[in-house]
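Work through the exercises below with the structure in view. Try each task before reading its solution.

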Amino acid sequence: MTSILTNSGAMVALQTLSSVNNDLEMTQNEVSTGKKVGNAKDNAAVWAISKTMESDIAGFTAIQEGLDVGEATVAVASAGAEQIVDVLKEMKQLAVSAQSENVDHATIEADMAKKAEQIESIISASQFNGANLLATDVDGNGATSLGVLASLDRVGPSGTPTASEITVATVDFEADLDMATSLTTITDPATATSALADIEAFLSTAIAGAAQLGADASRLEDQGEFVSKLTDAMKLGVSAMTDANMEEASARLKALQTQQQLAVQSLSIANSAPETLQQLFR
């Protein structure tokens, strides 16, 4: 039954056109932004998860930067420790040569003193951004270790992240390699033998410290690689939840544009029905 008071066909066509327009608007937004979930109204649950993950990604990005600084600090100290080991080897050679009777012990002692000063200089210079892992006081404020933020651990989707650190202790060459008071002065073969024993102890300490710093540097490097991979994986997870499939969105856009044209034509036809009815009374 056709009525001139209520055009049911036009109402249906208008509803169809409105639905198509809504879908078209959403699809156009996907194509223009590249996001299928760009705000909370698109999908509240997915949006909330993505925002939580994005905050974690920002945190891990900052952690990566901190690990880079920590790794550089340990690398500088490790390089200094290895150089000290080399200098101590040279001092050992001098002490060995001084055990002979027919050598200039005063000259050898002068060389030993210069190398001891070199070790002190290396210890003082082995700092990065104000942190020195070869010194007794790491940061000038009494610290005996360097804390490097390594991770943010979250339990449950709404749990509070807990920070975890990697602690790198000082090897304290400043105290353990105090040659000014602990190294025997060479004046003859007997004192050269004592100095050699002193240097052997220093060398053992330096090698152990250098090995410790090398292990710490390796740990920080491994953690940095893990955080980098973890951040990439989290970014992929957020992308999978929120990014639009551009091929699918493009195809859907074309289909909806066609549907919109057909809906407009359908509404036009429905609106002309009362005019056709009026012609019956002429």
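**Exercise 1.** Are α2 and α3 roughly parallel or roughly antiparallel to each other?

*Solution.* This is a predicted model, in which local features need pLDDT of at least 70, side-chain atom pairs count only at pLDDT 80 or more, and totals for chains, interfaces and linings use all residues. Residues are numbered from 1 along each chain as its sequence is written, and side-chain values use heavy atoms, with hydrogens and water left out.

Step 1: locate the elements. Helix α2 covers residues 44-97 and helix α3 residues 105-125; helices (H or I, at least four residues) and strands (E, at least two) are DSSP runs, numbered from the N terminus.

Step 2: take the angle. The two helices pack at about 170°, with axes 10 Å apart. Axes are lines fitted to C-alpha atoms, for helices over the stretch in contact, and angles run from 0 to 180 degrees between N-to-C directions.

Step 3: classify. Angles under 35 degrees count as roughly parallel, over 145 as roughly antiparallel, 65 to 115 as roughly perpendicular and the rest as oblique. The helices α2 and α3 are therefore roughly antiparallel.

Step 4: list the contact (heavy atoms within 4.5 Å). Residues of α2 in it include Gly80, Ile84, Leu88 and Glu90, and those of α3 include Ile108, Met112, Lys115 and Ile119.

**Exercise 2.** Which salt bridge partner does Glu90 have, and where does that partner lie?

*Solution.* Step 1: apply the criterion, a side-chain nitrogen of Lys or Arg within 4 Å of a carboxyl oxygen of Asp or Glu. Glu90 pairs with Lys115, with the closest N and O atoms 2.8 Å apart.

Step 1: Glu90 is in helix α2 and Lys115 in helix α3, 25 residues apart.

Step 2: Buried means under 20% relative accessible area, exposed over 50%, partly exposed in between (1.4 Å probe, protein chains only). Glu90, at 35%, is partly exposed.

**Exercise 3.** The structure holds five salt bridges. Which parts of the chain does the Lys35 and Asp243 pair tie together?

*Solution.* Step 1: find the distance. The side chains of Lys35 and Asp243 meet at 3.0 Å, N to O.

Step 1: Lys35 lies in the loop between α1 (8-33) and α2, and Asp243 in the loop between α6 (189-242) and α7, so the bridge ties together parts that are 208 residues apart in sequence.

Step 2: Lys35 has 28% relative accessibility and is partly exposed; Asp243 is partly exposed at 27%.

Step 3: Lys92 and Glu200 have their closest N and O atoms 2.7 Å apart. Lys92 belongs to helix α2 and Glu200 to helix α6, 108 residues apart.

**Exercise 4.** Is Ile166 buried or exposed?

*Solution.* Step 1: locate Ile166, in strand β4 (residues 162-169).

Step 1: read the area. With a relative accessible area of 4%, Ile166 is buried.

Step 2: name the neighbours. Not counting residues up to four places away in sequence, Ile166 touches Leu146, Gly147, Val148, Ala150, Arg219, Leu220 and Gln223.

**Exercise 5.** Where in the chain is confidence lowest?

*Solution.* Step 1: start with the average. The chain has a mean pLDDT (the predictor's confidence in each residue, from 0 to 100) of 88, and 93% of the residues score at least 70.

Step 1: Confidence is lowest in helix α7 (residues 246-279), at a mean of 77, and highest in strand β2 (residues 131-132), at 97.
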